[in-house]
Amino acid sequence: MMIVTQLITSFIAAAGFGVLFNAPRKALIQCGLIGMLGWILYYVLVLGEMDVVPATVFGAMLVAVLSQLSSKIFKKPVIVFNVSGIIPLVPGGVAYDAMRHFVENDYFTAVQLSAKVMLLAGAIAIGLMFSEVANQLIKKINSAGA
């Protein structure tokens, strides 16, 4: 039952952010699905005892690959799918906790949580970058072979 809740809430988060981001209405379902699939991969990996940072990298990679494919299929910019799809992976709760601990003068915990936020943000960037680099390599290989 928990996985169904995760599926629904991650879909709503991604599609809802697509609305806020002014994504085309026809792309909102795809935005939600991409975000949902990225989050479920992350969630399953974390349940399988993987650390959250590599799980975030893999989730972001999946979001980026699906965004590239959706961009080609639905003739929309990649950024529409990337931004909406990555939202479920953003460590907003951890960042909030870090700031709360700073305000409460619990600097030891605040610095630990801040470092975790930085690692997770870097993991998202690496995952998105990996897909773009792979896409550019595939384009170069295809153009050289043609």
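Predicted model: local features only at pLDDT ≥ 70, side-chain atom pairs only at ≥ 80, totals over all residues.
**Helix 4 and its partner helix 3**

- Helix 3 spans residues 52-74 and helix 4 spans 78-86, with Lys75 in the loop between them.
- The axes of these two helices come within 8 Å and cross at roughly 145°, and helix 3 passes helix 4 in a right-handed crossing.
- From helix 3, the contact is made by Ala60, Val63, Ala64, Ser67, Gln68, Ser70, Ser71 and Phe74, while helix 4 brings Val78, Phe81, Asn82, Gly85 and Ile86.
- Sorted by class, that contact has seven nonpolar and six polar residues, and no charged ones.

**Helix 3 against helix 6**

- Helix 3 also meets helix 6: their axes come within 7 Å and cross at roughly 35°.
- This crossing is right-handed.
- On the helix 3 side, the contact involves Val52, Val53, Thr56, Val57, Ala60, Met61, Ala64, Val65, Gln68 and Lys72.
- On the helix 6 side you will find Lys116, Leu119, Leu120, Ala123, Ile124, Ile126, Gly127, Leu128, Phe130, Ser131, Glu132 and Asn135.
- These residues divide into 14 nonpolar, five polar and three charged.

**Helix 1 against helix 2**

- The axes of helix 1 and helix 2 come within 7 Å and cross at roughly 140°.
- Angles over 145 degrees would count as roughly antiparallel, so helix 1 is oblique to helix 2.
- The two helices cross in a right-handed sense.
- Helix 1 contributes Met2, Ile3, Gln6, Leu7, Ser10, Phe11, Ala14, Ala15, Gly18 and Val19 to their meeting.
- Helix 2 contributes Leu28, Ile29, Cys31, Gly32, Leu33, Gly35, Met36, Trp39, Ile40, Tyr43 and Val44.
- The tally for this contact is 16 nonpolar, five polar and no charged residues.

- As a reminder, most residues other than glycine have a negative phi.
- Lys75 has a positive phi of about 55° although it is not a glycine.
- Lys75 is exposed, with a relative accessible area of 69%.
- Asn105 is another such case, with a positive phi near 60°.
- Asn105 sits in the loop between helix 5 (92-103) and helix 6 (107-145), and it is exposed at 53% relative accessible area.

**Annotated spans**

- An unreviewed UniProt entry places the feature "transmembrane region" at residues 39-66, 78-96 and 108-130.
- Residues 39-66 are 86% helix and 0% strand, and the end C-alpha atoms of this span lie 13 Å apart.
- Residues 108-130 are 100% helix and 0% strand, with end C-alpha atoms 33 Å apart.

Note on methods: Residues numbered from 1 in each chain as written. Heavy atoms only, no water. Helix = DSSP H or I, 4+ residues; strand = E, 2+ residues; numbered from the N terminus. Buried < 20%, exposed > 50% of the residue type's maximum accessible area, 1.4 Å probe, protein only. Axes fitted to C-alpha atoms, helices over the stretch in contact; angles between N-to-C directions. Left-handed = near helix turned anticlockwise from the far one by under 90°. Contact = heavy atoms within 4.5 Å. Nonpolar A, V, L, I, M, F, W, Y, C, P; charged D, E, K, R; others polar. UniProt positions renumbered as here; feature names shortened; annotations may be inferred. Parallel < 35°, antiparallel > 145°, perpendicular 65-115°, else oblique.
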